[in-house]
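We will go stop by stop.

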Amino acid sequence: MAMIVDALSWVFLLTGGFLGVSGGIGILRFPDFFTRLHAAGVTDTLCAALILLGLMMQAGWGLVAVKLAFIILFLSFTGPVAAHALARAALHGGLMPLLHRAEDDPSKS
Amino acid sequence: MLLSFLAITTIAVVRLRDLFAVVMLFGIFSLLSAAIFVTLDAVDVAFTEAAVGAGISTVLMLATLTLTTRTESPPRHGTLLPLLVVCVTGGALVYGTLDMPRFGDPQAPIHQHVAPRYLQDSPAEIGLPNVVTSVLASYRGYDTLGEVTVIFTAGAGVLMLLGAIRRRTACCDDTGKGGSAVNHNLVLRVVAKILIPFVLLFALYVQFHGDFGPGGGFQAGVIFAAAFILYTLIFGLAAARAVASPGVLRVLSALGVLLFAGVGLAGIFAGGDFLDYGVLASHPVAGQHLGILLIELGVGTTVAAVMIMIFYLFAGRTR
Amino acid sequence: MATVLGLYNYWIAIFLMMAGFYVVIAHGNLVKKIVGLSIFQVAVFILYISMGKVQGGSAPILAAGVTSYSNPLPHVLILTAIVVGVATIALGLALVIRINEAYGTVEEDNIHSQDEPE
Amino acid sequence: MFAAAILAVLVTMGLALIRAFRGPTVYDRILAVNMFGTKTVLFIAVYGFLSGRPDFLDIALVYALINFISTVAVLKFFEYGGPGRAATTPDEGEGD
């Protein structure tokens, strides 16, 4: 049982790390702001949640796990909200999505 | 850790650009330095730097930027001379470090003097696990009282500078608010409503848990202020003023300092020295606990009140 | 090589300090100067904290089973210094705002040139 | 394993940093800072485990909070400021 939890937490940590890096590459490589927001906003929350979940499994029950749960809760509230506010502000500020480039580009965050 | 350092240096180099970007980079800079403090075992410091450097000062700088110009005018005369001065000073300092003990050396002089005493005796004398708190509040209580007074004075100074001319901006203050997209953003409002109570609760936890883990009055005060800043940002200045009016804040900021000093005086009246908490209760350790709790409360009150007050003043100018 | 590694933290702190110093003396914009000032402050913080670190030590919060702690004294000093630092910055920014109201600019050169004709 | 996670986080931090330097628009910079903040939270959490004393997650919590607040603050002030000066906001704000 302990080994399963351990292996699962490793999987979570690694997946989280991979998502983080892919988000980082995305924020660097994508052509315009909204696609970058898409890359960052989606991966960011999931990556954080996965890594923290992995840590939670390593920690076992206790105050540490509860604190980690709070951080996950907090991040999953604030991350998307910040991304949403950012997209709105950018649209409001006159930044238009890059529509003509390709058909899969119009990014909704 | 070395990587983070490297990143910092690049930031420091690249930061010479338009002011808005400078402030954004400064936010990153604070976050990075706080992460470095964590790796250097200074968890309390990281706590404070996170809340203060990344939070409050970035917000204040942004407020200033909206009041002044966004870009820096390029013409500067003679960058060569300052560069020379800086290089010479830096060279001298680097030369000075050659004599310094190596990083992390346990035999360095700094670790031989008072620190071992704090580490060894404070469990018996104060009885708190967090040595930083016991040094801050008890052994170095005078210093901390001085710091709190400095903060109070700074708050009074900002009040003098920015609080005076309210009449001209007062008209816009009422009409111009509530308009922007952030204010109308339903998602933000709802989430903020959910989050703010938890933030306040967390501030209280930090305040009273500071004896056992990282935390204490300074950090709790700043977090408390951060909650109010969030409220002000989303619901507008008038709403925040209705919750915590500037008058109340002024009284509170003074009250915190007075509480701190009052605990010190109580020590005198109880037969000990100024800021000697051992005499406040029947048992010295219990007295220390009580004293530290009270002065941390004083610190927290002052810091929170002054920070909120400063933010109100800056925000009041912005409108 | 050991020297370089052993002093790396200090050198980075000095580099940051000098960067802040350079911004303060070479730039005319007052907001920029304040940013430089706070960089300088953070550099001092890092210098102090690196001096307090003990190799193999742990955060100075007493716990069972941990024997070596980093030095708590610099932490205390810097803790209060940070809060005082932000108070200083707030005061400085308030001054900048008032200067901007009085002169209509935050560039040092423009302020000087406005002062001179009087 | 923690080391791998922390390495991933550090790499992401670096990438976000590059975007913050280059970012053509202000929003790119805000996005990069926000992302950087999240990664800092993760860094601190994982580092706690790496160093064997995972009791200091309060700091990570504070970071998450501060990061959110500063993002909101940036957006707020940026909207008020608009591209030019701040002084002209009242009518603009009402118009929305």
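**Stop 1: chain A**

Select chain A. It has 3 helices and 0 strands. Helices (H or I, at least four residues) and strands (E, at least two) are DSSP runs, numbered from the N terminus. Along the sequence, chain A reads α-α-α.

A word on ground rules. This is a predicted model: local features need pLDDT of at least 70, side-chain atom pairs count only at pLDDT 80 or more, and totals for chains, interfaces and linings use all residues. Residues are numbered from 1 along each chain as its sequence is written, while chains are lettered from A and ligands numbered from 1 in the order in which they are written.

How many of the residues of chain A count as buried? Of its 109 residues, 45% do. Buried means that 20 or more other C-beta atoms lie within 10 Å of the residue's own; exposed means 12 or fewer, partly exposed is in between, and C-beta atoms are placed from the backbone.

Now look at contacts in chain A. Two residues are in contact if their C-beta atoms, placed from the backbone, lie within 7 Å. Take the contacts with a separation of 6 or more: residues 24 or more positions apart account for 62% of them.

**Stop 2: chain D**

Select chain D. You will find 4 helices and 0 strands. From the N terminus on, the order is α-α-α-α. Chain D has 96 residues, and 69% of them are buried. Among its contacts with a separation of 6 or more, 44% come from residues 24 or more positions apart.

The average is 71, and 77% of the residues score at least 70. Which element of chain D has the lowest mean pLDDT? Helix H4 (residues 89-95) of chain D does, at 33, while H2(D) has the highest, at 83. Select residues 81-96 of chain D: pLDDT stays under 50 there, and the model has 21 contacts beyond four places in sequence for this stretch.

**Stop 3: where D meets A**

Show chains A and D together. Here 39 residues of chain D are in contact with 40 residues of chain A. On the chain D side, helices H1 (2-22), H2 (26-50) and H3 (57-81) each supply at least two residues. H2(D) gives the largest share, 14 residues. This side of chain D divides into 29 nonpolar, 5 polar and 5 charged residues. Ala, Val, Leu, Ile, Met, Phe, Trp, Tyr, Cys and Pro count as nonpolar, Asp, Glu, Lys and Arg as charged, and the others, Gly among them, as polar.

**Stop 4: where B meets C**

Switch to chains B and C. Their contact takes 77 residues from chain B and 68 residues from chain C. On the chain B side, H3(B) makes the largest share, 14 residues. The chain B side divides into 47 nonpolar, 19 polar and 11 charged residues.

**Stop 5: inside chain B**

Select H7(B). Its 23 residues reach 32 Å from first C-alpha to last, close to the 33 Å expected at 1.5 Å a residue. The expected span is 1.5 Å times one less than the number of residues. Buried residues in H7(B) include B:Gly141, B:Phe152 and B:Leu162.

Next, pick B:Ala226. Not counting residues up to four places away in sequence, B:Ala226 touches B:Ala51, B:Gly55, D:Leu65, D:Ile66 and D:Ile69.

**Last stop: overall scores**

The model scores ipTM 0.80 and pTM 0.80.

Conventions:
pLDDT = per-residue confidence, 0-100.
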